Amino acid sequence: MQILKFGGTSVADPQALARSVAIINDQSLQNKGAQLVVVSAAAGVTNALLAIADATTPATISANKEFIYERQQQFLAELPKSTDYANWLAESLAPLFAELDAAVACRGAERDRLISLGERFSARVVSAYLQHAGRYARYVAASSMLVTDNTFGHAEPDPAATRAAIQTVLAPELRNDNQLVMVCEGFIGATPAGEITTLGRGGSDYSAALLAEALDADLVQIWTDVKGLYSTDPRIVPQAQPLAELSFAQAAELATFGAKVLHPKTLWPAMRSDIPVFIGSTLDPSGGTTIRREVDSKEAFTALALRPNQTLLKITSPDMLYSYGFLAKTFAILAEHRISVDLVTTSEISVALTLDQRGSEQALSDQVLKALSALGKVEIKQNLALVAVVGASLNTQPQVAATIFSALGDMNVRLICHGASPHNLCVLVDDEQGPQAIVQLHQQLFRHLHT
Ligand code: ADP
Ligand code: ASP
Ligand code: MG
């Protein structure tokens with residue numbers, strides 16, 4: 001059984017969709033068996049839906065509705081009229097257009113339902129285009145399979161309930177018909193009560209891995225606009241090159257530290273269930289990166305990642321000296337408010353830690369700041385970028401830190417984290433210096449790609 005996930009640019013318009021359909025068909029010829037296709041919203045649509053959800057003026061709402069409406073109409077316009085699948089598509093999109101039409105700024109459950117619209121449009125469109133290409137394709141709602149809690153905007157999946165739902169809804173059909181291609185939404189799930197939830201930005205990759213796990217699939221394919229996981233973001237360093245293979249551990253660190261090509265949680269189900277993940281490009285399907293448990297790499301440095309918009313939180317207190325329990329109290333406050341911490345360093349009388357954008361919004365609430373201030377002096381520095389160097393055995397190789405710091409030259413490094421993981425060395429620099437830090441490090445650590 002194959003799981004193929006297509007990202008926003010791969011389903012952006014009828015031409016992109018034709019390339020994705022060709023890949024689905026080609027994969028079906030190469031690896032016989034039923035297929036589950038997981039799709040994102042067409043590029044730009046989730047942003048437009050979020051703009052509606054957060055809108056403060058009617059003009060913003062109508063401009064974004066117009067954009068989404070036109071995006072979807074182009075798919076309807078390209079299909080031959082009066083065919084079964086074109087009629088089916090028009091009928092099944094009609095209630096979604098009505099939802100779009102009625103949309104207003106909103107929060108919570110209503111907001112998740114609204115921002116899930118992009119994927120709900122896409123899954124139906126892709127299913128009709130596969131039928132147009134002669135495939136026996138059917139749409140299935142991800143909300144009937146992927147079970148989550150009700151943390152709207154960042155829902156937590158329930159793998160056991162998802163497996164139970166999939167084994168009743170989808171698995172028997174896929175097992176019985178190896179010509180079948182089922183299409184569902186990425187990014188969305190539903191609570192046990194049936195309310196639609198979303199998994200966080202870029203969450204369709206995570207959906208594909210969760211569904212693969214529940215279906216006992218033996219490979220997840222992530223089809224996107226780049227030919228795999230590169231030595232760094234090719235938009236920042238044009239000389240960056242795709243890696244042929246990578247271990248789960250290293251890929252997970254790259255995704256966590258900002259390699260947008262994979263949602264950071266994608267590798268959790270893959271690692272748990274030992275399912276390899278392939279990343280390839282719909283623009284050029286030859287090549288790609290395979291991520292699996294073990295790989296045979298001898299290179300010290302594998303890749304670099306950049307995560308902008310980080311916040312540094314520092315708490316200083318002389319009470320920390322020769323006392324115990326200070327760190328426990330700090331982390332208890334963060335845990336109570338469900339704030340996730342990335343990097344941590346400590347000295348005798350202070351602790352410094354980094355938070356991502358969501359964590360920073362939570363931590364800067366009056367309630368949290370008040371609780372932390374009771375422990376010591378709180379200092380906050382925003383607009384920082386986390387630069388991660390990922391590689392093999394970085395904690396034991398000589399010269400690693402020296403090489404990295406000589407590449408960074410006279411950049412102002414605000415925090416260094418090294419030693420906790422064998423796979424990474426992280427530094428924090430000012431946001432505006434982030435891309436330049438990546439350029440300089442890439443030139444130094446991947447010299448062979450710059451000649
Ligand atoms: P999709 O819409 O298909 O999910 P994304 O935009 O989420 O695609 O992810 C693909 C993008 O990730 C690429 O266009 C690239 O700019 C960015 N990216 C960041 N770091 C890396 C990396 N190390 N390797 C490849 N792509 C990366
Ligand atoms: N459409 C969602 C987003 O833009 C999910 C995804 O594309 O993976 O964040
Ligand atoms: Mg993505």
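User: Let's start with threonine 282. Which residues does threonine 282 touch, leaving out those up to four places away in sequence?

Analyst: Contact here means heavy atoms within 4.5 Å. By that rule, threonine 282 touches Phe6, Ser10, Arg19, Ser20, Ile23, Trp223 and Thr224. Keep in mind that this is a predicted model, where local features need pLDDT of at least 70 and side-chain atom pairs count only at pLDDT 80 or more, while totals for chains, interfaces and linings use all residues. Residues are numbered from 1 along each chain as its sequence is written, chains are lettered from A and ligands numbered from 1 in the order in which they are written, and side-chain values use heavy atoms, with hydrogens and water left out.

User: Is threonine 282 buried or exposed?

Analyst: Buried means under 20% relative accessible area, exposed means over 50%, and partly exposed is in between (1.4 Å probe, protein chains only). Threonine 282 has a relative accessible area of 5%, so it counts as buried.

User: What polar contact does the side chain of threonine 282 make?

Analyst: A polar contact is a pair of N or O atoms within 3.5 Å; within protein, one must be able to donate a hydrogen and the other to accept it, and residues adjacent in sequence count only if both atoms are side-chain atoms. Here the partner is the side chain of serine 10, at 2.9 Å.

User: How many residues of β9 are buried?

Analyst: Five of its five. Val277, Ile279 and Ser281 lie on one side, with Phe278 and Gly280 on the other.

User: And which way do β7 and β9 run?

Analyst: Two strands pair if DSSP finds at least two bridges between them. β7 (residues 220-224) and β9 run parallel, joined by five bridges; valine 220, for one, is bridged to valine 277. β9 and β10 are antiparallel, with three bridges, and there valine 277 partners isoleucine 291.

User: Which ligand 1 atom does tyrosine 230 approach?

Analyst: A nitrogen atom of ligand 1 lies 2.8 Å from a backbone N or O atom of tyrosine 230. Aspartate 225 uses a polar side-chain atom, 3.0 Å from an oxygen atom of ligand 1. For glycine 8, a backbone N or O atom is 3.2 Å from an oxygen atom of the ligand.

Conventions: Helix = DSSP H or I, 4+ residues; strand = E, 2+ residues; numbered from the N terminus.
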